[in-house]
Amino acid sequence: MIETQLSELAAATEARIAAVTTADELEAIRVEVLGRKGKLAEVSKDMGKLSPEQRGVVGKLLNAAKQTLENALTARKTAFEQAALAARLDREWVDLTAPAPGVGLGSLHPLTQIQAEIEDLFVSLGFTVLDGPEVETEFNNFDALNIPPDHPARDMQDTFWLSNGHLLRTHTSPVQVRGMKKLGPPLRMIAPGRVFRNEEVDASHEHTFYQLEGMMVDKDVSVAHLIYFMKTLLSAIFKRDVTVRLRPGYFPFVEPGFELDIQCLICNGAGCPVCKQSGWVELLPCGLVHPNVLRLGGIDPEEYSGFAFGLGLTRLVMMRYAIDDIRQLQGGDLRFLTQF
Amino acid sequence: MKFSYNWLAEHIDGLTVPPAEIGKLITMKTAECEGVEAHGAHFDHVVVAKVLTAEPIPGTHLAVTSVDTGRYGVKQVVCGAPNCRAGMLTAYVPPGHLGVTTAKLRGVDSDGMLASAKELGISAEDEGIIEFAEGEPGAAIAGCTADTIVEIDNKSLTHRPDLWGHHGMAREVAAIAGRPLKSIPADLPEGAPAVEIEIRDAKLCPRFSALRFENVTVQPSPLWLQQRLESVGLNPINNIVDVTNYLMAELAQPMHAYDAAKLQGGKIIVRVAEEGEPCPALNGQTYTLDSSNLVIADAGGPVGIAGVIGGGPSAISDATTTILLEAANFHAASIRKTSTKLKLRTDASMRFEKSQDPVNTVRALARAKWLLEQVSPGIRLVGGLADLYYPLPEVAPISFDLSWMRRKLGKPDLTAAEVTAILTSIAFGVSEADGHFTVTVPSWRATKDISLKDDLVEEVGRMIGYGNLTPVPPLVPSVVPPLPPERAYLRGLRQLLTAQGYTEVYNYSFVNEAQATELGLPIEDHVRVVNPIAQGQELLRTSLLPNIKRNINDNAREYESFRMFEIGKEIHARGQELPEEIPHLAAVSFERHGDGVANLFELKRLAGTIAPSCTVEPAEARPFEHPFRSAKVILRNEAIGRLFEFHPAMVETGRAAVLDLDLVKVQALRTAAGKYKPLRRFPTSAFDLTVPTAERELAGTVLGFIREHAGSLALDVRYLYDYKGDKGRSMTFRITLGAPDRTLTGDEVTAIRSQLLAAVAAKYQ
């Protein structure tokens with residue numbers, strides 16, 4: 001009986017599908033039973049021998065058996081594929097806590113970083129940035145800044161003198177002279193750079209350090225402008241509101257000259273060891289540009305006035321990172337430098 | 001410079017500012033105060049005491065004394081002073097002062113201390129306990145008082161000759177406190193000049209004034225004078241010298257007293273020294289002088305180095321009975337030059353180099369006469385003032401308008417009355433009409449300090465107080481600042497380097513001779529430092545490499561591998577001109593283990609990212625380079641730097657590859673992006689070609705050969721890899737062909753390939 005034959009085949013095949021253990025066995029069953037020359041195909045060959053009525057009944061049975069077996073096959077196949085994928089993924093386990101191979105980021109020197117940060121502030125305020133040479137003429141370093149030979153103010157800056165008759169600049173102020181000549185009034189400029197003092201080196205003294213000179217020349221620049229400007233700038237540098245005060249200070253290239261103090265950022269003026277209990281920390285020298293200096297820069301002091309200041313970049317770096325030994329900055333020790 | 005509060009107060013009528021506040025006031029208005037400290041607070045408690053008995057303690061140098069201290073009663077005190085004896089009057093310090101406590105010495109109770117002049121802070125005398133000729137037990141030590149010492153930063157007095165004495169500082173304090181300054185008379189009796197004076201160069205010595213005294217008694221100064229000098233850091237010596245020092249500290253006028261009996265001839269000559277002329281000085285040294293030094297001379301030669309130090313033979317001694325007292329004025333720069341050259345900075349030279357006021361000499365002599373009469377009883381003036389004076393050119397009156405002063409300070413509500421009051425309070429002569437000022441400068445501010453109207457802005461501003469100015473935003477044009485492209489370039493370069501793992505180092509601009517020699521850098525190419533104070537600062541670097549090499553070896557002790565770079569300036573001598581300063585990059589890749597090849601190629605790749613399209617060409621190695629790992633870096637046919645590995649003798653612990661680029665050249669030769677090229681519309685064809693070569697054939701050379709022979713349709717030729725086997729070395733290249741206007745046919749490609757193969761075969765077998 002063809003019906004019996006069919007149902008037996010379907011039941012046996014279903015049992016075999018359920019029992020396979022590999023995808024290959026499953027495929028073999030598919031070919032054997034459902035393939036073009038498979039057992040179901042053979043059964044369907046005999047269909048022609050049946051009566052049209054029988055043919056309709058058996059045809060339905062045949063299709064149902066085929067459908068059932070295909071579903072069972074697909075389900076098993078999917079299960080095998082999923083298991084295979086899961087196994088592959090499992091094999092692909094990676095220890096992501098292991099270090100990444102290849103090269104990590106290097107570090108910029110802390111002085112480079114603070115200099116860039118401050119340059120950007122100034123540029124945003126319309127200042128240009130100028131460079132000057134490390135080796136300067138005596139004239140630019142001293143005379144043009146109103147410090148003639150044998151002036152006692154030269155004692156303030158122990159100088160490295162050179163075999164060619166020149167010197168290593170003791171401050172970035174000579175760039176004022178170069179800047180005035182290059183830019184002409186009105187002008188706003190800064191000059192960051194390396195300066196030199198002939199001093200013994202220890203944890204708090206260096207013969208090589210970094211300053212940033214700033215200058216603004218325009219009509220009617222006043223002390224009140226200077227105070228406003230320095231307060232704005234220092235608040236930006238320290239990223240908080242800073243209280244400043246000016247008091248007299250002597251620097252031959254400014255008149256009047258000031259020492260600018262900021263209220264101690266540690267104790268907010270209450271007094272602490274950092275500010276030596278005074279509530280104030282001396283931060284930078286500044287003043288109105290001396291008329292002699294303007295004149296030597298080719299600017300008429302009757303028409304223009306200006307202010308100038310010198311910011312100690314090395315000092316700012318040491319303050320920001322609480323560095324207690326200035327020699328680290330030029331020691332070339334990567335254990336120090338990679339911290340920034 | 002130390003200032004005594006009591007001394008300042010003596011010059012001011014009714015000073016009420018308490019000592020604790022005076023330092024802050026001076027700091028805010030005049031000069032930087034470095035500290036305020038109490039001096040001699042114990043004088044409120046120390047008393048005169050009479051030693052009643054003094055019994056030696058056997059086996060020691062000590063004595064147990066019984067002293068009558070008046071207000072503290074009779075006390076038992078153990079004392080070790082050699083001069084301690086019954087009957088003497090000395091000073092008693094009760095427990096609780098000067099660190100004295102009630103104690104047991106050698107088993108004997110001691111309640112307080114008998115003190116020396118040094119322990120009391122009166123003088124340096126510490127041979128024994130102080131001894132008084134008179135006094136009642138229990139009385140305070142006559143003339144000695146508690147004081148407050150204000151220390152002012154010398155640098156902030158550089159421009160103020162007048163502030164090197166108490167009277168000048170008192171003028172400031174009086175003005176700040178709004179009290180009148182007491183004047184010091186300059187009157188002297190008439191009389192024939194006591195000595196003949198000759199000044200050979202009035203520029204170097206504008207004024208020389210002198211008085212002669214006889215019947216002089218040289219003895220210790222009274223205690224008040226000793227204590228006062230001691231309190232401001234001057235050592236009491238004897239009454240005569242102490243008077244000169246007192247006036248220096250009071251009027252900022254250095255003075256000198258000569259033993260008149262030791263001066264030869266009747267004349268004082270102020271002249272430049274002769275070449276090699278010796279001058280024995282009162283510090284025991286003999287200085288050899290030249291024509292840049294000014295001397296005070298008598299008929300026998302120099303008796304002092306002008307403005308710096310007095311002579312030895314004519315110094316005041318116990319035997320002195322007549323003195324010549326000098327108060328002179330000298331050219332500031334000349335004194336500074338001499339003192340620098342002789343390495344002799346004295347209290348006198350420090351003052352003279354600030355341009356002292358020539359008007360001051362006579363006032364100082366008058367004050368000295370008054371003081372000498374107190375400290376040397378019976379002293380008599382002989383004759384009158386000797387005074388040779390070549391007045392300095394006067395400072396013209398300074399004119400300015402109130403509106404100008406307002407604009408400079410940024411204080412629009414400043415009034416003429418305020419300006420007048422301030423300038424008058426510090427002794428300027430002021431006349432004002434309708435806001436127009438004419439100001440005369442007092443002599444002590446006129447020597448150098450004040451000559452311009454701008455100088456007066458400071459005077460007015462500081463006395464108003466800068467804190468009383470309202471900060472105002474400046475009105476400036478809004479412009480995009482012109483930024484030099486180098487800065488942006490260097491900033492970008494630094495970012496590129498750190499992104500590739502390199503850490504930035506900063507090195508000094510100095511190298512020492514040994515470092516330069518080690519790398520074969522000619523010493524004579526360097527700019528030399530004339531006055532280095534430490535080793536290692538003799539030369540300015542003509543290369544970053546000596547210090548980089550040091551960085552490598554230092555860090556090799558800590559790291560197995562590292563990458564670092566420096567951007568800094570090479571400084572190349574150009575005779576007397578300013579040297580050429582060339583920014584360079586030195587980048588290093590170090591590996592302790594391994595063959596170093598990867599490090600070199602890493603730096604080659606780095607060069608390519610910094611200077612795209614640069615090539616590398618083998619170069620003869622310099623002595624510090626690995627002889628077979630050294631090359632020039634070329635950009636547009638110009639050498640822009642060097643790629644090499646340090647010779648193992650230089651870096652022994654590993655392999656250090658270095659890229660050294662001249663950043664001026666790199667910037668000059670790099671090209672900006674130009675006009676865009678349309679993208680290809682037709683496909684390309686590529687084929688690989690393997691070329692058998694000699695072992696040390698250069699890939700760059702073979703590549704160049706292929707490129708040259710591949711024809712105009714070769715879009716790209718690139719090296720893929722090489723192979724070293726039994727039959728030698730071969731290199732494989734990939735050639736990409738394409739035409740702009742069509743797709744190449746297979747025949748075309750084959751033709752080009754065959755042609756190239758033939759050329760390669762002819763050249764490389």
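Reader: How many cavities of 30 Å³ or more does the structure hold?
Author: This is a predicted model, in which local features need pLDDT of at least 70, side-chain atom pairs count only at pLDDT 80 or more, and totals for chains, interfaces and linings use all residues. Residues are numbered from 1 along each chain as its sequence is written, chains are lettered from A and ligands numbered from 1 in the order in which they are written, and side-chain values use heavy atoms, with hydrogens and water left out. On a 1 Å grid over the protein atoms alone, a cavity is a set of points where a 1.4 Å probe fits but cannot get out, while a pocket is an open set with protein on both sides within 12 Å along at least five of seven lines; lining residues have an atom within 4 Å of a point. The number of cavities of 30 Å³ or more is two.

Reader: Which helix gives the most to the lining of the largest cavity?
Author: The largest cavity holds about 110 Å³ of space, where a volume is the space filled by probe spheres set on grid points joined across faces, edges and corners. Its lining has 13 residues, and B:D162, B:L251, B:N360, B:R363 and B:W444 lie nearest the centre. Helices (H or I, at least four residues) and strands (E, at least two) are DSSP runs numbered from the N terminus; helices 3 (166–177), 5 (239–251) and 8 (360–375) of chain B each supply at least two lining residues. The most, three residues, comes from helix 3 of chain B.

Reader: Which residues line the second largest cavity?
Author: About 70 Å³ of space lies in this cavity. Helix 11 (residues 453–464) of chain B gives the most to its lining, with three residues. The lining residues are A:P248, A:G249, A:Y250, B:T30, B:S156, B:H159, B:R160, B:R445, B:E458, B:E459 and B:R462.

Reader: How many salt bridges are there between chain B and chain A?
Author: The contact (heavy atoms within 4.5 Å) takes 85 residues from chain B and 90 residues from chain A. In chain B, B:R487, B:Y506 and B:Y508 lose the most area to chain A, together 11% of what that side buries. A salt bridge is a side-chain nitrogen of Lys or Arg within 4 Å of a carboxyl oxygen of Asp or Glu, and the side chains of B:R487 and A:E119 meet in one at 2.6 Å, N to O. Between chain B and chain A the count is eight.

Reader: What area is buried between domain 1 and domain 3 of chain B?
Author: Domain bounds come from an automatic or database domain assignment, and the centres of these two domains, taken over C-alpha atoms, are separated by 26 Å. In domain 1 of chain B, B:W7, B:P161 and B:W164 lose the most area to domain 3 of chain B, together 50% of what that side buries. Buried area is the accessible area (1.4 Å probe) that two parts lose on being put together, summed over both. Here the value is about 1,400 Å².

Reader: Between which domains of chain B does the second largest pocket lie?
Author: The second largest pocket has a volume of about 1,700 Å³ and a lining of 38 residues. Strand 31 of chain B gives the most to that lining, with seven residues. Two domains of chain B both give residues to the lining, so the pocket lies between domain 5 (486–669) and domain 6 (685–764).
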